[in-house]
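Colleague: Could you walk me through the helix packing and then the sheet in this one? I have it open here.

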Amino acid sequence: MTMMTPPPLDQQEDEEMLVPHQEFTEGPQPMEVISAEPATAPENQQVEDPPTFKYRWTIENFSRMNTKKLYSDMFFVGGYKWRVLIFPKGNNVDHLSLYLDVADSTTLPYGWSRYAQFSLAVVNQIHGKYTIRKDTQHQFNGRESDWGFTSFMSLSELYDPSRGYLVNDTCVIEAEVGVRKVVDYWSYDSKKETGYVGLKNQGATCYMNSLLQTLYHIPYFRKAVYHMPTTENDMPSGSIPLALQSLFYKLQYSDNSVATKELTKSFGWDTYDSFMQHDVQELNRVLCEKLEDKMKGTVVEGTIQHLFEGHHMNYIECINVDYKSTRKESFYDLQLDVKGCRDVYASFDKYVEVERLEGDNKYQAENHGLQDAKKGVLFIDFPPVLQLQLKRFEYDFMRDTMVKINDRYEFPLQLDLDRDNGRYLSPDADRRVRNLYTLHSVLVHSGGVHGGHYYAFIRPTLSDQWFKFDDERVTKEDAKRALEEQYGGEEELPQTNPGFNNTPFKFTKYSNAYMLVYIRESDKEKIMCNVDEKDIAEHLRVRLKKEQEEKEHKKKEKAEAHLYTIIKVARNEDLAEQIGREIFFDLVDHDKVRSFRIQKQLPFNHFKEEVAKELGIPVQFQRFWLWAKRQNHTYRPNRPLLPQEEAQSVGQLREVSNKAHNAELKLFLEVELGPDLSPLSPPLKTKEDILLFFKLYDPEKEALRFAGRLFVKALGKPTEILPKLIEMAEFPANEEIELYEEIKFEPNVMCEHIDKRISFKSSQLEDGDIICYQKTLTSANRDQFRYPDVPSFLEYVRNRQVVHFRSLEKPKEDDFSLELSKLFTYDDVVERVACHLGLDDPTKIRLTSHNCYSQQPKPQPIKYRGVDHLSDMLAHYNQTSDILYYEILDIPLPELQGLKTLKVAFHHATKEEVAIHSIRLPKNSTVADVINDLKNKVELSRPDAELRLLEVFYHKIYKIFPLGEKIENINDQYWTLRAEEIPEEEKNLGPHDRLIHVYHFTRDPNQNQMQVQNFGEPFFLVIKEGEALADVKLRIQKKLQVPDEEFAKWKIAFISLGRPEYLQDSDVVSNRFQRRDIYGAWEQYLGLEHSDTAPKRAYTTNQNRHTFEKPVKIYN
């Protein structure tokens, strides 16, 4: 599916989109404009299995590459040429951007397309299991010849050598590509083939569509929705109950796929919300809570609870004393672990697993003190409709990101929750209720953690026949497809060369079940009830039938369009209404004039009678002119219709007048009025008569209006009509006036002075030409006006642009607006801004352009005189913005551009303080210059203290900068630059002393015990030959000033390549730091394990949710 939206407003951090690559800043970039979901191919219409190929691309000197984008070598799959496209520093995002590209797209014939399933990966060269792999599928074509991930992985994670994605400055990319040939399926009719219809995708709403189809196919739920009270005065876009009723009615009775826009509008969502992929489970909860609230006080109150609510009991029971604590809780769905569980039963076993509270983790029992206890959960009752959310998404602490669990996970067609003598049930459970469930629907997620596609397999009647609901398309499927193929795990592709001893090509199945809906057998008849028209309110039936009739009428109109001609009729009244208000150039906007829909075979005179009836102008007083598009792109009345043309049919006339062969005929209706304003017969028109249109300009009011039209003689002179023009303008009879011809306005305005003494013919005036006129100004009073004459006013109108300026520090808030000209130079613009801000020196203004798609400032500011005109500043791909961001600099911009600014964090030697300093020096300066500059800004512990500059990244020290290194190539965007005094002990190292890295770390008890997470400020420490850990610990404690009680809890470990080896006080530390064959000194360090007391990033409590998503909100 394809997303066609506006760019969102604030792109979420970590948000992932599947997009064709486009470059944001210099060129086209509809990054947020295309869906986060792959275009799903109709699997049941495959012609053959996909030929597949795995391509590996090793890129050396990765971090030193200066190119913005890089293509791999070409490779062949399925007879087609492919290559990988990478943006090493991100496609104007702080993530690596990675795409699959059709290598020969520019030479392929018009209309080409090919379909591929593929995955792209950045290989983890230390731990293969942490390789980041994302898969998708796409129909490649001339418009979208590449497809992939703009935000594949964060640059900070990629460029951190300890993470394993960049080893010896080498990055390894893998692409697995499978090409499928598919047949054309656009003519497929879901209703005809299956009896059901799909839901249209608004952009990224497939997750919602799959949930809505599931809820709709629970008839009891549908009936309850129909019975929610609504009235004929409600509007679906403002009422969730009515919008849902309308949607369900259309799903039940429509022959075509149904739109969801009314429903999302009723949620209070704007367009952007429809293009954000959310979490199905969260939407389900929010929607059900909202409906539950709306059902209160109605005949269907309590339906949500009745269908979906179950209860479980949390208990803690002491082992050695008679004490038990219980708490009853309700649930609408259950989250089941996938990782480490082979099937649903294993997940339930884990859910009710008993935890022992003993040792340091004893339970504080009321009146009994600390006691050994067991803790667990048991179910009191299950609901008639059981919704199981499978935890396919979990947080990986090692990678600091969400990951998708694609492990194989089985689920049965029948689920028996009374198994093993009711092992899941609490003592309070009603054992008379048989908890045997049958599978109703399987919601599937295809893709990775950062995006993908949702669809559902549903058994609407619980028969053996399954149906796949994939947005607009509904297909019949067998049970294997709905169950086994959605278990996940790995799949082995058939070998392409069976004669060779190839290793079978296995790939992870990224399509797997994400949510299961079971219906209890004993409640089946009640839940799967009949729902027919009598369940639908009368007003709703009437409203929806009327909507359907209107839709059918429009459809019929569209089908019969070839039998009709639309005639658009412009009159003097339209010109008077539009000129000077809505338009300034040419005469009229034809989309805003009266239109008539006339059958083509009817005679033109029949149309004239329609006009007489509608506009009150008798047929004999009507004269129609054809419009013509001139070579200079203006559009003017060209000639009156001939009598023989008026005798033709409407269709014949359209073909004569309209070379573009569209269904429209545009005419100008000339009506002559007498002194009493009653219509007269049109005057005789000869070749000598020219129809001219006149506009009047007032320089004082800066206003233009339509003055009227006149017939003039070709050989006559403007002087002959001056009295009439003066009268039309209501000027004094002796007023001097100037005349100008409006010739064209594209690409530039052309408006020339008319010599009143020569004939109209000599001035090359003809039918339909426009003359603009005004009072003659003296040279003295010309200076009183901004735009004293017609040409200057039209030039102004053509190029005027109101620009909204925002401070770069507050990029969301408009600060002030200025009316400027698109032709203003760089200097003109900054002078106007400086003047408005009261700044004497305009060169201290720095401007930044606006990104129309991300709605944020572009990454790079505009260089001094780096663009020619304001129009260049506002241009963004094929759009024009009206926003600019400004900064006020402390030095002129030309001077600043010759300097390099570095942000340096200075760590004081004896005080617990860090000060951030901006060091601004010429680009050819060295690190030594930075340190000398810094010495003048900071307080040193003693005057002769020496400083050094470090590169710190993810709480590790990666580099001590040599004093002679040029600052031009130092990047402080991703790495922290830290300055500190060099301790005296480091200056006097003995021959056997060793300088080692010391880092803080912690481990999450729920994760692999070998995984460490660094935090805090790293530092260097000198260790002596033969020095025991006990002595080293004393020095560390003193250095960090940690109280004894707190430091006693710390553990010390030698850590190599992320694996901790805990040390005893008697261990000789220097013995551990002997190996020198390891990449990067930061990979061997002394680790201080203790709790991180600094404020942490707030991770979502729901570990089943994508961290990049906005929360789902329904506002109404």
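Colleague: Which residues of H5 meet H14?

Modeller: This is a predicted model, and in it Leu242, Gln245, Ser246, Tyr249 and Lys250 of H5 are in contact with His539, Leu540, Arg541, Arg543, Leu544, Lys545 and Glu547 of H14. Sorted by class, the contact of H5 with H14 has four nonpolar, three polar and five charged residues.

Colleague: And at what angle do H5 and H14 pack?

Modeller: H5 and H14, the latter covering residues 538-559, pack at an angle of about 60°, and their axes are 11 Å apart, which means that H5 is oblique to H14. The crossing of these two helices is right-handed.

Colleague: What about H4, where H4 and H5 meet?

Modeller: On the H4 side the residues are Phe221, Arg222, Val225 and Tyr226, and they meet Leu244, Gln245, Phe248, Tyr249 and Gln252 in H5. By class, this contact of H4 with H5 has six nonpolar, two polar and one charged residues.

Colleague: Is the H4 crossing of H5 left-handed or right-handed, and how do their axes lie?

Modeller: H4 passes H5 in a left-handed crossing. The axes of H4 (residues 219-226) and H5 (residues 240-253) come within 9 Å and cross at roughly 130°, so H4 too is described as oblique to H5.

Colleague: Switching to the sheet, in what order do the four strands come?

Modeller: The order is E2-E10-E7-E8, in an open sheet with antiparallel pairing. E2 (52-59) and E8 (132-141) stand at the edges with a single partner strand each, so one side of each has no neighbour in the sheet. From one strand to the next the twist averages 20°.

Colleague: How many bridges join E7 to E8, and how many join E7 to E10?

Modeller: There are 10 bridges between E7 (residues 113-122) and E8, with Leu120 standing opposite Lys134 in E8, whereas eight bridges join E7 to E10, where Phe118 stands opposite Val177. E2 and E10 also pair over eight bridges in the antiparallel sense, and there Arg56 has Glu174 in E10 as its bridge partner.

Colleague: Are the residues of E10 buried or exposed?

Modeller: In E10 (residues 171-180), 10 of its 10 residues are buried. Both faces are covered, with Cys171, Ile173, Ala175, Val177 and Val179 buried on one side, and Val172, Glu174, Glu176, Gly178 and Arg180 buried on the other.

Terms used
Residues numbered from 1 in each chain as written. Predicted model: local features only at pLDDT ≥ 70, side-chain atom pairs only at ≥ 80, totals over all residues. Heavy atoms only, no water. Axes fitted to C-alpha atoms, helices over the stretch in contact; angles between N-to-C directions. Parallel < 35°, antiparallel > 145°, perpendicular 65-115°, else oblique. Left-handed = near helix turned anticlockwise from the far one by under 90°. Contact = heavy atoms within 4.5 Å. Nonpolar A, V, L, I, M, F, W, Y, C, P; charged D, E, K, R; others polar. Pairing = 2+ DSSP bridges. Buried < 20%, exposed > 50% of the residue type's maximum accessible area, 1.4 Å probe, protein only.
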